[in-house]
Amino acid sequence: MTEPLSFEKSRPNAHAPRLPDADVVAAEAGDVIPRELLRAQAPALPRLSEPEVMRHYSRLASMNYSISEQFYPLGSCTMKYNPVANEAAASLPGFTALHPYQDEDTVQGALELMWRLEQALCAVVGVDRVTLQPAAGAHGEWTALRMIQAYHRSRGEARTEVLVPDSAHGTNPASAALSGFQVVEVASGPDGRISLADLESKLSSKVAALMLTNPNTLGLFEREILDIAELVHNTGAKLYYDGANLNAFMGVCRPGDMGFDAVHMNLHKTFTTPHGGGGPGAGPVGVKADLVPFLPTPTVERMNGHLKLDFKRPQSIGRVRSFYGNFGMLVRAYTYIVAMGGDGLTQASMDAVLSANYLRKRVEGLLDLPHEGPCMHEFVASARNLAPNGIKALDVAKGLLERDFYAPTIYFPLVVPEAIMVEPTETESKPTLDAFAAAIAEIVKEANESPEKLRHEPHSLPVGRLDEVATARQINAYLQGLSEDPILRWKPAREQPC
Amino acid sequence: MLAALGIDSMEGLLVDIPQSLRIPSLELPNGLSEFETMAQVTSLAARNRVFPDRLTFRGGGVYRRFIPAAVAAVTSKPEFYTAYTPYQPEASQGTLQAIYEFQTLIAELTALDVANASLYDGATAVAEAAMMAYVHTGRKEVLVAGYVHPEYVDVLRAFSEGRGIKVKKGSEPTAMTAAVIFQQPDFLGLLVDAPELTKRAHDVGAIAIACVDPISLALLAPPGQYGADIAVGEGQQLGLSPSYGGPHVGFIACHKDLVRRLPGRLIGTSHDAQGRRGFVLTLTAREQHIRREKATSNICTNHSLCALAASVYMTYMGAEGMRHVADVSFKRAHALATRLAALPGWELAFPDRQFLNEFPIRVPNPAAVNRKLARKGILGGLDMHRWFRDLKGVFTFTCTEVNDARAMDELVEAVSS
């Protein structure tokens with residue numbers, strides 16, 4: 001099944017929606033505004049009736065896999081179920097209708113929610129303050145690095161390097177580079193954990209921070225974290241926690257106690273705000289006391305039961321986005337935390353670790369498991385055992401799509417060849433995990449018996465494997481002026497008069 | 001499951017965590033039932049004061065507009081809101097096609113070649129555009145011309161500082177200038193000479209960055225028409241509620257020469273072996289998961305669902321519907337400006353300048369105006385003095401299709417009393 005583009009379905013005689021009339025006496029814009037500031041040609045937007053619009057998007061919706069219908073074991077992404085109560089809470093008019101420039105005394109409920117969410121996140125990760133402003137995890141990473149940079153500068157130190165393990169998320173080095181740092185890679189040892197010897201050799205008075213996730217991207221807890229923290233702190237550098245894997249140990253241990261100075265959290269992972277097909281998320285950042293002066297403005301402060309926004313923070317790194325963050329996502333995360341409570345969050349992490357270890361056990365013997373267990377909330381397998389049949393991790397992923405599962409993260413982390421990174425989360429039942437393991441078994445059987453068949457899956461989805469190389473080639477041709485087709489957008493056949 | 005693992009307690013799985021790091025429990029209350037949870041959250045919502053759409057005359061970057069019911073009906077489909085970033089294209093064609101349509105809608109609206117899949121907000125869109133200009137020109141200064149949204153400038157400064165880029169104010173670029181950034185209409189609602197600012201940028205080899213209001217583009221010259229290289233903006237007005245400032249959606253579109261410098265996701269058309277058209281994430285060599293520290297930006301999660309909302313809005317309204325609300329907003333704002341300027345002590349702050357649907361006006365008793373209005377349930381103008389020393393006593397008021405004639409009467413009555 002494919003669906004034409006809205007532009008292709010457009011009908012020139014479709015009625016525009018009925019909208020309010022001006023009902024006032026005033027000149028027409030076209031008579032007042034100088035011609036060179038007016039639009040010469042109307043944009044070629046589609047013209048469709050409401051039923052056509054609704055049908056178009058309903059058909060598009062039916063072409064997606066999603067948490068609502070499929071198991072989504074995407075490693076590092078924590079695709080857990082998104083409670084529908086979160087959506088109900090975020091839709092309350094008392095939240096959706098608030099203008100960001102309303103006076104503080106008319107938004108006390110919103111500020112109270114933000115304040116309580118900050119307190120709860122402080123308790124979960126063990127830090128002193130949290131900014132809720134960053135819009136996503138990578139945005140949070142960058143915000144934290146800016147604070148660390150400001151901290152060093154305030155002490156008259158120009159530290160220019162940030163250390164990043166070779167197994168880190170791609171956002172880590174990118175965020176460091178965008179903050180103006182040089183990125184220095186630290187090697188993983190044979191057991192998948194950071195190499196202390198390599199770390200030691202790269203630490204110097206030039207290093208501003210080490211960025212680390214724990215458990216690491218292999219799903220392994222960095223057992224030597226306290227030694228790592230001591231090494232880093234002894235050189236005056238800060239330790240940064242990438243919170244992508246926070247779901248592993250809520251209520252069990254806290255990054256703040258491990259020695260991390262700054263921590264970002266992904267509310268769209270650990271705290272069940274939906275992923276929206278690629279956002280919006282929210283990436284709050286928690287910090288220890290000596291980084292607090294550098295938090296973005298404004299912060300939410302509570303005085304004698306009254307809440308206010310504090311803009312007077314002389315050492316602040318400034319604003320990292322407009323207004324106060326993705327407030328609607330903060331409401332959802334707060335609702336989740338209230339419903340779960342400390343006991344529920346702890347149980348969630350325990351169940352996530354149990355699910356991952358159970359599933360790991362179930363795929364043992366089917367796929368390679370390059371590192372020793374137990375794992376935490378996720379594990380990395382490798383499809384290199386299928387290589388003799390010409391089967392790659394990509395083929396396993398496509399085979400899973402054919403069997404009605406979303407695919408795990410593949411080819412990441414980079415340190416494992418043919419990586420298949422599986423994170424089941426706590427919200428999946430044992431029957432679902434068993435069905436997934438059975439699908440892997442079936443795929444491995446097919447890889448051995450009829451690899452050619454597997455290489456052509458999926459068959460039952462709206463499209464088969466797409467030729468991404470051809471797409472990139474055609475875009476290059478367009479950008480070099482060799483083709484008229486931009487590939488990155490639909491092109492109207494003709495321009496319309498204004 | 002424990003039995004399958006051959007262990008009898010969870011402790012067997014937590015062996016790698018040093019005992020000294022273990023905590024007895026979280027210092028948080030225990031969980032609640034859904035009923036109790038909702039009661040608690042609802043009581044927080046009830047502690048906020050909601051001003052009705054029709055009586056909201058405050059803008060400053062976030063506006064009340066008519067939102068078709070179709071928008072929420074689409075974005076609340078779990079197939080859209082519970083999906084992940086479309087890494088597996090065969091299982092994500094719905095999201096991919098919707099965002100490809102978003103890219104086309106934004107490119108059409110701005111009259112530029114290519115738009116990306118979305119950014120966080122208008123502020124980060126301005127900053128990302130400035131970073132593109134810095135990399136493209138190799139120059140380390142950006143010029144902000146006129147009254148650009150002060151929070152956008154703050155974010156631009158935060159992005160620039162780490163990389164050693166200077167942010168200057170003014171409208172006279174030099175050979176050191178990477179980009180001239182202007183907002184049309186500006187933060188006060190006034191029209192700027194966008195074609196002239198674009199020309200000045202190009203005269204010194206700088207990039208012209210236009211920060212635009214998407215609804216205004218149904219009426220005003222789009223950046224592509226006057227030759228701006230990059231258009232950015234805030235898409236909140238395209239079907240998203242104010243929601244205390246977010247989540248909304250930033251957009252960015254550019255001339256084809258700059259496509260490889262674009263931040264974030266891009267979606268293109270492709271084909272499968274049977275010749276069926278499909279959509280894929282493409283030009284990923286710009287992105288963090290491939291290029292790591294050499295990526296054009298660090299963006300991973302962006303604002304896909306908000307881009308979907310904007311697409312539904314633009315598709316539902318069409319060019320004609322958007323032009324209609326832009327016209328209605330223009331007329332109402334002008335009618336209101338005339339009435340307010342006729343009140344004793346009130347006068348337009350920039351009487352010689354054109355505006356669209358938001359305008360700056362000098363008010364006689366700044367401290368009292370909004371208090372009086374709030375008493376009548378009206379969310380009045382925005383005090384510009386908060387950001388600009390030279391605008392003491394100047395408020396901006398905004399009108400859209402939701403502020404009916406009777407609401408304007410109520411506003412004028414309330415300030416006259």
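Begin with chain A, coloured by domain: the assignment divides this chain of the predicted model into domain 1 (6-61), domain 2 (85-340), domain 3 (351-455) and domain 4 (468-497). Select domain 2 and domain 3 of chain A; their C-alpha centres lie 31 Å apart. Between them, 14 residues of domain 2 of chain A are in contact with 13 residues of domain 3 of chain A. The side contributed by domain 2 of chain A consists of five nonpolar, seven polar and two charged residues.

Next, display both chains. Here 167 residues of chain A are in contact with 159 residues of chain B. Highlight helix 12 (residues 327-363) of chain A, which gives the most to the side of chain A that touches chain B, namely 19 residues. By class, that side of chain A has 102 nonpolar, 43 polar and 22 charged residues.

Now select helix 6 (residues 150-162) of chain B. At 1.5 Å a residue, its 13 residues should span 18 Å, and the end C-alpha atoms, 19 Å apart, agree with this. Is this helix enclosed or open? Because 10 of the 13 residues of helix 6 of chain B are buried, the helix is largely enclosed by the rest of the structure. Among the buried residues are Y152(B), L156(B), F159(B) and S160(B). To see what surrounds them, show helix 7 (137-154) and helix 8 (171-178) of chain A, then helix 5 (122-137), strand 2 (141-144), strand 3 (166-169) and strand 5 (207-212) of chain B; the buried residues of helix 6 of chain B pack against these elements. After helix 6 of chain B comes G164(B), with a positive phi near 70°.

Move to A130(B). Beyond its neighbours within four places in sequence, A130(B) is in contact with residues including L156(B), F159(B) and S160(B), as well as V142(B). In the largest nonpolar core, of 305 residues, A130(B), A179(B), I181(B) and I209(B) touch the most other members. Helix 9 (residues 304-341) of chain B supplies the largest share of this core, 21 residues.

Finish at strand 11 (residues 358-362) of chain B. Four of its five residues are buried, so this strand is largely enclosed by the rest of the structure. Strand 10 (residues 347-348) of chain B runs antiparallel to strand 11 of chain B and is joined to it by two bridges; L348(B) stands opposite I361(B). Strand 13 (residues 394-398) of chain B is also antiparallel to strand 11 of chain B, with five bridges joining them, and F397(B) is the bridge partner of F359(B).

Key:
Residues numbered from 1 in each chain as written. Chains lettered and ligands numbered in written order. Predicted model: local features only at pLDDT ≥ 70, side-chain atom pairs only at ≥ 80, totals over all residues. Expected span 1.5 Å × (residues − 1). Buried ≥ 20, exposed ≤ 12 C-beta atoms within 10 Å, placed from the backbone. Contact = placed C-beta atoms within 7 Å. Nonpolar A, V, L, I, M, F, W, Y, C, P; charged D, E, K, R; others polar. Core = buried A, V, L, I, M, F, W, Y, C linked by C-beta atoms within 7 Å. Domains from an automatic or database assignment. Pairing = 2+ DSSP bridges.
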